[in-house]
Amino acid sequence: MNVLQQSTRHPCYDELAHEYFARMHVAVAPKCNISCKYCNIKYDCVSESRPGVVSRVLTPEEAYRKVQRTVAVLPRLTVVGIAGPGDPLANPQETFDTFALLAEGMPDLQLCLSTNGLMLADYADEIERYRINHVTVTMNTINPAIGSQVYQAIFYKGKAYREQEAAAILIERQLAGIREIAARGIRVKVNSVLIPGVNDGHLAEVSRAVRDLGAFSHNIMPLIISPGSRYEREGRQAPDPELTVKVQEESAAIIPVMRHCRQCRADAVGLLGEDRGQDLYDTGNSETLPVYSLGEREQLLKELDDELESRHRRRFANNGDAETGIRIAVATRGGGKVNMHFGHAKEFLIYEVHGRESKLLGIRKIQAYCNGTADCGEGADKGAILEDTIHLLRDCRILLCSGIGEYPQEKLRHADIMAITRKGGIQELLAECGRYYRYFRDSQIS
């Protein structure tokens, strides 16, 4: 597998690949060596999706067996990573024992590591030895004064450091680690948590610094406040969608920016936005799932490679036009399809459409309007959910979904959001909706 194919088969490193290839996080690293003010890894909820959340910590041997079982029933799995629930490099024995088993027993899988970067340079040799070809570093600032507002403490070489002193050490070690890993030819992506009033005006500087060190992508993620964290006690709020887009655009002028991140659990498995942990490992379901041979898996992956390459060629050929773009929200279960009912959606993909060209701006998470019930009509509790959803989508002119009730459709229309119910490929329907919207707008003007 060449370097280009490695990246295009990584759902986090290629925007289109997340519609075709699956990833799996194995939770073998419970301890963490830094304390962030927005985080609380002790809190867990089986229905919650955010970094640091797991249902159970595994041993390296358990993790390896779980990957073996998963590949057999999920052939589009191409990437296995360790992302917590603590920091992998604060648990080096468990982390590298797991990678050793995977590197030897399943060499066709790509291996991925997500870390806060404090110990990254110290373990560069091990990362290279076990052919870990993708590393993600969470780095929220390059300024220790800003860092003192993000970090409570770090624990480094047997000693605890607090706030600004802690941030200064952490930043120095992160920069050294990114430089060292990138110099070895390993792909480095940097994650940053966008914290309003703290680092929202600073992340372009982070983009420039990490680009110069060899990172190839910057993922700017809106703040998720963990229950029980210091930020929750302080009453901090997640950033407004407009702020997230603005900051991402500023950094996109410097370095490629990832916009399709789902801020996954540390035990997530499946396509991005589709956590299949429950149905894959439930004993009642696992016996009925089809099992794929190595040859069948290789054939499927080749077909997915060909389809993805074709999508890339079509996107490159679409130069778009100079017309002002419109924003379209898409409800999807994955697979590059509009295939989700409005009432069941827990997130929307937000696209900006210019002529034939579309650009993914990001993901906006919501509370499902129907809340798992069959009734998607008007209700007291649903009214508040719908209002929140409309507020979150207020910059969108069109909402694409596979179905929607009359009441939410009417409420969206009053907010100047046109709900269109169609099923099919996202890119084709985006282009169609863009043409329809321009025709409707032009007819209104005339």
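Predicted model: local features only at pLDDT ≥ 70, side-chain atom pairs only at ≥ 80, totals over all residues.

Mentor: Let us begin with the open sheet of three strands, whose order is β2-β6-β7 and whose pairing is antiparallel. The edge positions belong to β2 (34-36) and β7 (159-162); each has a single partner strand, so one side of each is left without a neighbour in the sheet. From one strand to the next, the twist averages 15 degrees.

Within this sheet, β2 and strand β6 (residues 151-156) run antiparallel and are joined by three bridges.

A second open sheet has eight strands, in the order β10-β9-β8-β5-β4-β3-β1-β11, and its pairing is mixed. Here β10 (257-258) and β11 (269-270) stand at the edges with a single partner strand each, so one side of each is left without a neighbour in the sheet. Inside this order, strand β8 (residues 187-194) and strand β9 (residues 217-222) run parallel, with six bridges joining them. In that pairing, V193 has M221 of β9 as its bridge partner.

Next comes the helix packing. Helix α2 (residues 60-73) packs with helix α3 (residues 92-105) at an angle of about 35 degrees, and their axes are 9 Å apart. The crossing of α2 and α3 is right-handed. On the α2 side, the contact is made by P60, E61, A63, Y64 and V67. From α3 come E94, D97, T98, L101, L102 and G105. By class, the residues of this contact comprise six nonpolar, two polar and three charged.

The structure holds two cavities of 30 Å³ or more, and the largest cavity contains about 90 Å³ of space. Its lining consists of 16 residues, and those nearest the centre of the largest cavity are H18, R262, T332, G334 and G335. Strand β14 (residues 347-354) gives the most to this lining, with three residues. Sorted by class, the lining of the largest cavity has five nonpolar, six polar and five charged residues.

Technical notes. Residues numbered from 1 in each chain as written. Heavy atoms only, no water. Axes fitted to C-alpha atoms, helices over the stretch in contact; angles between N-to-C directions. Helix = DSSP H or I, 4+ residues; strand = E, 2+ residues; numbered from the N terminus. Left-handed = near helix turned anticlockwise from the far one by under 90°. Contact = heavy atoms within 4.5 Å. Nonpolar A, V, L, I, M, F, W, Y, C, P; charged D, E, K, R; others polar. Pairing = 2+ DSSP bridges. 1 Å grid on protein atoms, 1.4 Å probe; cavity = no way out; pocket = protein on both sides within 12 Å on 5 of 7 lines; lining within 4 Å. Points joined across faces, edges and corners; volume = space filled by probe spheres on them.
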